[in-house]
Amino acid sequence: MFDLLVPLIVLLPLAGFLFTAAVGRRLGKQAHLVPVGAVGLAWAIGMLVAFSSLTGAAPFGHEGYGHDYYTWIPSGSFQVDVGFFVDNLTACLLIVVLTIGLLVHVYSIGYMSHDPGFWRFFAYLNLFMVSMLLLVLADSFLVVFVAWELVGLSSYLLIGFWKQKRSAALAAKKAFIVNRVGDVGFALGIMAIFVDVGTLNIRDAIAALTGQIATFGQNPHLVVDGAGLPIPIWVVALLIFAGAMGKSAQFPLHVWLPDAMEGPTPVSALIHAATMVNAGVYLVARTNPIFASAPQSMAVVATIGIFTAILAASIALTQTDIKRVLAYSTLSQLGYMFASLGVGAFSAAIFHLMTHGFFKGLLFLGSGSVIHAVHEEQDMRRMGGLAKRIPHTYRTMLLGSIAIAGIPPLAGFFSKDEILGEAFKNGFQWVWAIGIVVAIMTAFYMFRLIGLTFWGESRVDPAVEPHIHESPSVMTTPLWLLAVPAVLLGLVLSLPGPPIGPLLGLHGPGLLSGWLEPVFKQGSELLGRTEAEFQIFGLDGALLGASVAVALIGVLAAWRLFGVNLGRIQWRPNPERVRALSARVPFLYRASLNKWWFDDLNHLLFMVIGGRIAAFLWWFDRRVVDDTVNDIATTTVGAGTSLRRVQTGRVQNYALGIAVGLIVMAGSFLVLAAR
Amino acid sequence: MIRVFVGSALAAAFIIGLGLIGLAAGGSHSLNAYLTLSGILFTIGMFGFLARRNAISMLMSIELMLNAVNLSIIGFTSFAATPEFRANGSVIALLVMAVAAAEATVGLSIILAIYRNKKTPLVDEYDAMSQ
């Protein structure tokens with residue numbers, strides 16, 4: 001039965017995409033029915049599959065279940081099968097992708113209702129769902145790569161959805177090009193895997209690379225022991241990570257994600273917060289034994305992850321565009337996930353991926369609702385006091401902010417605390433230290449956002465002020481539906497394990513770590529990780545307390561500076577103090593405001609210096625390469641022109657040549673003979 | 001009239017000069033005298049072929065060179081060490097003369113054919129090959 005159901009998850013949105021692309025234009029305002037219906041059905045099937053897999057029902061068991069449907073490339077020893085594989089990791093991703101995808105589809109019915117490209121938007125959204133689902137379900141690196149490019153394509157189409165806007169078109173191009181840099185790494189990684197083990201099936205390749213089974217194909221004599229590979233395993237790991245860096249926007253390929261906010265807000269929520277940017281995390285988690293076999297590559301992952309986290313968080317502190325704050329926040333949280341993968345806490349990374357997907361999706365959809373209410377205004381300096389005017393949006397976004405700030409018992413607290421705790425216990429104290437600073441910043445910029453947007457005096461354009469309205473229920477319902485997991489998901493997935501389980505006298509691992517244990521078993525064994533008993537009154541309790549404390553510090557600091565209006569707690573915003581504080585650290589303030597000049601650096605590197613190099617190469621091509629060829633031709637023609645004068649056509653001149661030649665030959669013979 | 005006398009005198013001086021050169025080279029009993037004469041004749045023929053513009057004169061110069069070669073061949077064989085070879089040179093010379101006659105016939109008819117087209121016996125006007 002599942003052989004049939006699993007491909008349906010991909011095929012239903014594909015049918016929706018093809019249908020809408022073909023006849024959507026004629027459907028007008030009804031264009032959403034088929035795409036949303038297709039995703040709804042896919043959601044139902046996906047939940048069934050995910051539930052069956054997570055409960056270990058036949059045929060999934062603990063190891064997952066895969067089935068090959070079609071031999072795509074049968075070419076001697078190079079064979080690529082198109083197959084789907086579902087294990088608990090895929091199931092977790094299916095839950096995130098399908099649930100948020102469905103809610104974003106529903107939300108878009110309201111958000112995009114006035115847009116002339118209504119049908120086109122839904123066609124693209126369905127194309128994205130096809131790509132993303134193919135990415136998580138595929139069983140072959142090559143098929144993953146195809147899906148990888150397809151999500152890039154749909155991301156490009158959706159960022160540039162309002163293509164008449166120049167900034168949107170440029171942002172789409174930027175995202176595509178920056179992603180391409182990472183994709184080159186991924187493509188090389190796939191080639192390296194094939195060179196090493198001769199198969200592209202993910203499970204076989206991982207097993208062969210880590211020495212579980214002998215290699216396939218052209219290297220049958222090569223018994224892998226990790227050292228005998230033609231291409232060392234750490235190179236493979238870093239190449240795969242390069243792909244993950246591009247898709248998940250990690251430093252230095254992070255520049256495309258903030259610009260991607262030019263797309264419609266549902267797109268930002270679905271693609272650039274909850275699903276596509278997680279593809280990199282998923283890929284590293286999926287290939288965890290490869291990374292675990294090369295500890296130095298794990299250190300690279302952790303370093304880049306935590307560096308991106310603090311870099312993006314520091315930028316988010318001062319941005320005034322509501323969507324850009326959330327975009328940098330996404331970067332920062334993705335950095336957390338990679339840091340978590342890098343320190344070997346694989347299941348904590350997936351935990352954070354799930355909770356972050358829900359609360360960041362919620363925050364983005366909420367920001368879309370805010371932007372809708374104040375008539376497409378995105379600058380937070382021209383908002384304020386919206387809490388009373390758009391109460392549903394306010395309440396759900398407040399819940400999302402508490403969740404991401406890491407205040408217990410909402411979802412973000414559990415996953416973030418697990419990441420930080422694991423980092424500390426796995427010997428990456430410096431990752432923990434930076435992570436704590438990032439946690440303060442996270443809480444601060446989120447409540448800065450809430451303070452500027454919802455609390456305090458209204459700074460909305462007086463012309464717009466009377467028209468502020470709450471979004472229709474087709475938009476607020478998805479917000480509330482996302483708020484539920486944003487509040488509860490952390491608690492549910494961590495029970496009966498730490499940190500709450502032991503307090504209630506429960507034992508055993510958390511629900512999610514239990515699910516993911518078989519997936520990450522090999523990676524954890526390669527790293528030599530052992531589960532220590534959770535001590536609420538020991539190290540773990542202290543780390544827990546630290547997490548909560550820094551979150552509260554961040555929240556209180558934001559309240560002091562940007563005000564609060566929460567029941568009995570009433571503080572006024574304090575703009576003078578903000579100005580004084582930013583004047584005290586002018587360099588840091590300007591660095592944050594200018595995003596640490598990365599766009600300028602890229603401009604300098606690739607536009608100015610790269611342009612010079614290109615101009616030089618053009619000159620070289622024109623002057624040296626072309627002219628060499630031209631000069632050869634000119635010389636030949638010139639030589640012919642001048643030499644033809646020798647050919648006078650007069651018999652006596654030729655005879656003179658013969659005579660002179662004869663004399664020279666005879667003379668030289670005599671001279672030589674005389675010696 | 002003067003020119004005839006001057007020309008005859010120059011010719012006589014030339015022949016006497018040749019005889020002196022022959023004597024200096026060793027007289028009629030020396031191979032060198034014949035070879036010297038042959039060389040001088042060949043050089044004159046070559047100079048005539050290269051320098052004269054008239055096609056007929058060039059043909060005559062060719063004859064001169066051929067006969068210079070004939071003279072050297074006869075000279076070599078006359079001084080050969082084995083008596084049986086001494087007649088061979090004359091046979092070769094006769095053969096060369098026959099070939100030279102045939103060649104002169106062909107050459108003259110070619111010159112006549114060109115002359116009919118070009119209306120001139122001067123070879124530097126025959127430049128059709130340079131086009």
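**Notebook: helix packing in chain B**

I noted that helix 2 of chain B and helix 3 of chain B are roughly antiparallel to each other, a term that applies to angles over 145 degrees. The model is predicted, with local features needing pLDDT of at least 70, side-chain atom pairs counting only at pLDDT 80 or more, and totals for chains, interfaces and linings using all residues. Residues are numbered from 1 along each chain as its sequence is written, while chains are lettered from A and ligands numbered from 1 in the order in which they are written.

I looked up the geometry and found helix 2 (residues 31-51) and helix 3 (residues 55-78) of chain B packed at about 165°, with axes 8 Å apart; axes are lines fitted to C-alpha atoms, for helices over the stretch in contact, and angles run from 0 to 180 degrees between N-to-C directions. Helices here are DSSP runs (H or I, at least four residues), numbered from the N terminus.

I then listed the residues in contact (C-beta atoms, placed from the backbone, within 7 Å): helix 2 of chain B contributes, among them, B:Leu41 and B:Phe42, and helix 3 of chain B contributes residues including B:Met65 and B:Ala68. The residues of this contact between helix 2 and helix 3 of chain B comprise 16 nonpolar, eight polar and no charged, where Ala, Val, Leu, Ile, Met, Phe, Trp, Tyr, Cys and Pro count as nonpolar, Asp, Glu, Lys and Arg as charged, and the others, Gly among them, as polar.

I next checked helix 1 (residues 2-25) of chain B, whose axis comes within 8 Å of that of helix 2 of chain B and crosses it at roughly 140°.

Definitions and conventions:
Helices (H or I, at least four residues) and strands (E, at least two) are DSSP runs, numbered from the N terminus. Angles under 35 degrees count as roughly parallel, over 145 as roughly antiparallel, 65 to 115 as roughly perpendicular and the rest as oblique. Two residues are in contact if their C-beta atoms, placed from the backbone, lie within 7 Å.
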